[in-house]
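Open your viewer and get ready to click along with this tour. We will go from stop to stop, selecting a few residues each time.

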Amino acid sequence: MKTIKKYMLMLFLLMGLLAMSGCKKFLDINRNPSNPQIPKAEFMISRAIFQMANGTSEDYMQLFKLVQYWSSTTTDDRYDRHGMSATGSDVTGVIWRLNYVDLGLNIEEMIKDGIENKKYEYAGIGYAIKAWSFQMTTDMYGEIILDEAFTDPNKLTFRYQYQRDVYERVREWSQLSIKYLNMKSPSDYSGALAGPSGDYMYRGDVNKWKKFVYGNLALQYGHLVNKPSFATTYADSVVKYVDLSFTSVAEDATVKFTASNEDDSNVFGPLYGRFFTVLNTANGRISSTILNLLAGGVRGVPVVDPLVSVDPRLSRMLTPTIIAGSPPTLGPYKAITPTKGGTGVPHVLGPPTNVVTAPYAGKYLFSNASEYVIMSYAQLQFAKAEALFLKGDKGAALIAYRNGIRGHMAFVNRYGMAGPNVTIAAPEIELYMISTEVAQNEAELTISDIMNQKYIAQWGWAGLEQWCDLRKYHYDPAVFTQYHQMSGSELHVNNNGKYAYRYRPRYNSEYAWNRTELDKWGGLASDYNTKETWFSTPEN
């Protein structure tokens, strides 16, 4: 009962009602006050993994506009302009809630049960998820609650700690994860982990979980490109951990769905409803940034309103316009320039008419049965290429860069589950690989080549990692050549002519109860969202 009270109090203090989380797939059976139970790791893991998808997807609905994955038909949309929600709103605070509530004490109890009862696989997976979650949270918000997060249940205020401290703690938890994943439990839990209420990521394959941990570390070190010692120290760490991580798209970290019903369908898909409904309004229209990259703009000048492209991913990832007729035909691909609004541009999820029937119901990663991607092989290969390039080893960087492109072609073939001509055939891939859109030798290779290809590979899912990329290069147009650069008047009025570098902590908790602590970090300023986070600065 003490555990139940502690959980409910923290739930109230940090976030509000858990019912607001939108969790449909799994019930937390350990938190029934009329029938209290001893929490068991076996009952927590499936809900935790589902929340990795559910929690990130909610914030991505707005974050995807900042990184220009999609744009609004409305002129001067708040998020297109890098603005944040007004005070008192819970929008753009879901990763905060994910870390401290939806995972929160559930993960703490999962780790505790795993260690005390020698269920080492669960302890290792618990630490892996905890490290990932805190990494996501600090990358989203900067300074966050760390040591005081799950201590005294009677506390009303919580101390924030510097992002550097969180990065160090993530590394510690990562090593603990590897430690427990390397240990063998006395009892066999393979059946429970692989079962229908078990490990929805890797079905208990601890080797793949170790690769997930290493991948998370590689991405963390990859954020530190502005540190004076990056080329001599951190770059080697990126390469080391990428090499210890995924070897192919088959090892990507994903949450699986059967699409047999609403509660077991992709949180990005039409059947689940919430995300799909939001995008089939003025939101979620194809942005000029991604269309330009897929239409010849990685290394050249993009084609305006293309019908086809040398990049075979265009037709698999984006939706063309529909020309009325009997039968209707496919027209050119069109996009909205961020902040400019407009009509006649297809939804990311389907035609501009809001029709969501086949073949465009849930294009690409947005179909009901598509796996929700958390981390990918291609993404990590580009992180490796970037580190090697900045280290000065352009030959090795070229290999990783080209591996990343091929890896993303395989990614599209695996996850591109809607639309015609889904599979990208080998000849199409080879034609693209020898095109002018791909660097052919180390002398041609630039950091822009790598980061633009990584942008394509992360489009539609890795919103926070993409935002880390943009921020660490300070939105440099020489690096992100197709990112729409905004003038002072285009940026939100509260931003004082600056791009966003952090989200505000969850409003209805921190701004109600923790204002004094927020004020210490400048969190009450109207342009707090433009304050640069530590990882993108040269400060050690």
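Is D76 buried, partly exposed or exposed? Select D76: at 40% relative accessibility, it counts as partly exposed (buried means under 20% relative accessible area, exposed over 50%, partly exposed in between, with a 1.4 Å probe and protein chains only). D76 has a positive phi of about 60° although it is not a glycine.

Before moving on, note that this is a predicted model, where local features need pLDDT of at least 70, side-chain atom pairs count only at pLDDT 80 or more, and totals for chains, interfaces and linings use all residues. Residues are numbered from 1 along each chain as its sequence is written, and side-chain values use heavy atoms, with hydrogens and water left out.

**Stop 1: a loop.** D76 lies in the loop between strand 1 (70-71) and helix 3. Helices (H or I, at least four residues) and strands (E, at least two) are DSSP runs, numbered from the N terminus. Now select H82, which is found in the loop between strand 1 and helix 3. H82 has a positive phi of about 70° without being a glycine, and it is buried, with a relative accessible area of 0%.

**Stop 2: the whole chain.** Zoom out. The secondary structure comes to 18 helices and eight strands, and buried residues make up 62% of the 540 residues in the chain.

**Stop 3: the core.** Select F134, W209, F212, L318, Y401, W459 and W467. Of the 160 residues in the largest nonpolar core, these touch the most other members. A nonpolar core is a set of buried Ala, Val, Leu, Ile, Met, Phe, Trp, Tyr and Cys residues joined through side-chain atoms within 4.5 Å. Helix 4 (residues 120-141) gives the most to this core, with 13 residues. Then centre on W459: leaving out residues up to four places away in sequence, it touches Y69, I290, M317, L318, V348, Y364, L365 and F366 (contact means heavy atoms within 4.5 Å).

**Stop 4: helix 16.** Select residues 463-472. How many residues of helix 16 are buried? Ten of its ten residues are. What covers them includes helix 2 (41-66), helix 3 (94-116), helix 4, helix 7 (206-222), helix 12 and helix 15 (447-458). Just after helix 16, H474 takes a positive phi of about 55°.

Helix 2 and helix 16 pack at an angle of about 30°, with their axes 9 Å apart. That makes helix 2 roughly parallel to helix 16. Here axes are lines fitted to C-alpha atoms, for helices over the stretch in contact, and angles run from 0 to 180 degrees between N-to-C directions; angles under 35 degrees count as roughly parallel, over 145 as roughly antiparallel, 65 to 115 as roughly perpendicular and the rest as oblique. The contact is made by Y60, L63, F64 and L66 of helix 2 and G463, L464 and W467 of helix 16.

**Stop 5: helix 12.** Select residues 377-391. Just after helix 12, G392 takes a positive phi of about 105°.

**Stop 6: a cis bond.** Finish at P327, in the loop between strand 6 (322-323) and strand 7 (329-330). Look at the peptide bond from S326 to P327: it is cis, with omega near 0°.
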